[in-house]
Amino acid sequence: MENHEHPNRADPWAEARKLIDAPAGSINIAYEAVDRHVAAGHGDTIAIRWLGKEDERREFSYGDLAQQTARFASLLAAQGLKPGDSVFTLMGRVPELYFSALGTLKAGLVFTPLFSAFGPEPIRTRMEIGAANVLVTTPQLYARKVAPWRHELTTLKHVFVTGDEAPEGCIALGPALRAAQPQFETVKTGPDDPALIHFTSGTTGRPKGAVHVHGAVLYHAFSGRLALDLTPGTVYWCTADPGWVTGTSYGIIAPLVNRTTMIVDEAEFDLERWYRTIEREKVEVWYSAPTAIRMMMRSGEAAAKPFDFGSLRFLASVGEPLNPEAVVWSEKAFGQPFHDNWWQTETGGIMIANRPGMTVKPGSMGKPLPGIEAGIVGREGDKVTPLPDGEVGELALRPGWPSMMRAYLHEQARYDKCFVGGWYLSGDLAMRDADGYFWFVGRADDLIKTSGHLVGPFEVESALIEHPAVAEAGVIGIPDETAGEIVKAYVTLNPGYEPGEALERDLRGHARKRLGAAVAPREVVFRHTLPKTRSGKIMRRLLKARELGLPEGDISTLETDET
Ligand code: ATP
Ligand code: MG
């Protein structure tokens, strides 16, 4: 991959195309991820090493995946389903999830994964929006969360359940897959044909269904290689669930297209299990998220000491701002910094990253990937103006990269509003420094205006986390007659610290020293947990709504409830 700092202006994706094998005019994610490798003689390479909750361990080669996905595709076709129809999954990280995802794409249908911990209502709403024709789930999840309303969703024709026995009206996937044809000719989808729908995290409001296309695989291949160092044979672990875009783009597609061996852990976060997994499986590249890293920090360096992390060569993080303290800590605990990168459900892939070999500036998201033009802009109505380095503005991207969303399902107006003056506007605020590094400031909705200053919650939260007592922090602005807004912080504490007036004073003092009196929180309150989305993002809008007694809005993705 020579010369990728200076992409060819006429064809910025020429280098990326070398990583895939799409014949002109057609491109299919499942072919690029699986069958191409088998055709090239890599059928025996392990594609997925699956670790079950009960410590079972199963391996699937690229050849196995080719067969299982062909069986699933054959099954869909045998049931009369056609390219463009919509397949949803609702299950944990079990092998069938991966077979269904890639089998659906192979057959040219559109795939939507749902996070298995969703309750019946969020499941139903999303399946209605996506006009689901097929659901693949487990018998238990079906009985608890889908059966009660299934017949009201008239688009839903087939429900497959894992295992050998099916409740009434469902098809058991075990025998159906065994009986299905193990060969299937991959549907020749075009680069603009829909492949995936991902619902956003719902951090700022009602989740949107972002539509992604088969042509995105070009960018998955490219960004996986450049931003995560995924090369053939790499042992790679992405801890995100495929119910969120990270768990699909970089938990299924990018690693397989780059012919890595990916670790899939069915279990949820457990510190010892995670450390043991890295050691035992000899994980080389690890992609995780700030919320998990902060949980590791909370348990201290001592908990990491007994393990051998010598296999790790690259650590990356996404989903929320990565506090500088977490970068410094990971260097001590793992001998490597976590490399922050930034992207969104809408962008389909990593846009800005601390790439392998780059100097990490703790607290910065890094630089745009080659071929990606990012800017910091100000907008007034329809006028969008790039701002100079050092100024805070909206983070914007020049449209046209291959994994860009193509629609918000049934929300054309909301989609159109994202594209103004030749830019895609992300809704996040950031700053670019003189070296070209981007620094996250906050979501546009979360910005605090206090006594004439604009304060991003991230810098206040990061300062608080530097204090040894603080595990996590969420910062909001609350209305104030004189100051406009005042900064208020909610914190959770590390083991061994007790909430109280003395600690509150100490925290405010610490923040004042770090940030100055204008920016430091006027008030710090202690909480056992902070409200978060199921993908681990702090929901500041909920802290605010609760503080002000306002309606809570859409809380379909809320995980931890606060009391
Ligand atoms: P919704 O759009 O429904 O409110 P969401 O924006 O949280 O939810 P996602 O698309 O999953 O849904 O998350 C993308 C957002 O996450 C980004 O716009 C940004 O605010 C935040 N984010 C992701 N990575 C980073 C990062 N490295 N640093 C700071 N923020 C990040
Ligand atoms: Mg968003």
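Trainee: Why is Arg-36 called buried?

Mentor: In this predicted model, Arg-36 has a relative accessible area of 13%. Buried means under 20% relative accessible area, exposed over 50%, and partly exposed in between, with a 1.4 Å probe and protein chains only. Arg-36 is therefore buried. This residue lies in helix α2 (residues 29-39), where helices are DSSP runs of H or I with at least four residues and strands are runs of E with at least two, numbered from the N terminus.

Trainee: Which residues is Arg-36 in contact with, leaving aside its neighbours within four places in sequence?

Mentor: They are Leu-19, Ile-20, Asp-21, Tyr-31 and Val-257. Contact means heavy atoms within 4.5 Å.

Trainee: What makes α11 oblique to α12?

Mentor: Helix α11 (residues 290-299) and helix α12 (residues 324-334) pack at an angle of about 60 degrees, their axes being 10 Å apart. Axes are lines fitted to C-alpha atoms, for helices over the stretch in contact, and angles run from 0 to 180 degrees between N-to-C directions. Angles under 35 degrees count as roughly parallel, over 145 as roughly antiparallel, 65 to 115 as roughly perpendicular, and the rest as oblique. The angle therefore makes α11 oblique to α12.

Trainee: Which residues make that contact?

Mentor: Helix α11 contributes Ile-293, Met-296 and Met-297, and α12 contributes Glu-325, Ala-326, Trp-329 and Phe-334.

Trainee: What makes α10 roughly perpendicular to α11?

Mentor: Helix α10 (residues 271-281) and α11 pack at an angle of about 105 degrees, with 11 Å between their axes. That value makes α10 roughly perpendicular to α11. Leu-271, Trp-274 and Tyr-275 of α10 meet Ala-292, Met-296 and Ser-299 of α11.

Trainee: How do you know that the buried residues of α6 are on the same side?

Mentor: In helix α6 (residues 139-146), Leu-141, Tyr-142, Lys-145 and Val-146 are buried. They cover an arc of only 105 degrees around the axis, which puts them on the same side of α6; the arc is that of the directions from the helix axis to the C-beta atoms. Gln-140 and Arg-144, on the other side of α6, are exposed.

Trainee: What covers the buried residues of α6?

Mentor: The cover includes β3 (86-90), α5 (120-129), β5 (134-137) and β6 (158-161).

Trainee: On what basis are the values given?

Mentor: Local features need pLDDT of at least 70 and side-chain atom pairs count only at pLDDT 80 or more, while totals for chains, interfaces and linings use all residues. Residues are numbered from 1 along each chain as its sequence is written, chains are lettered from A and ligands numbered from 1 in the order in which they are written, and side-chain values use heavy atoms, leaving out hydrogens and water.
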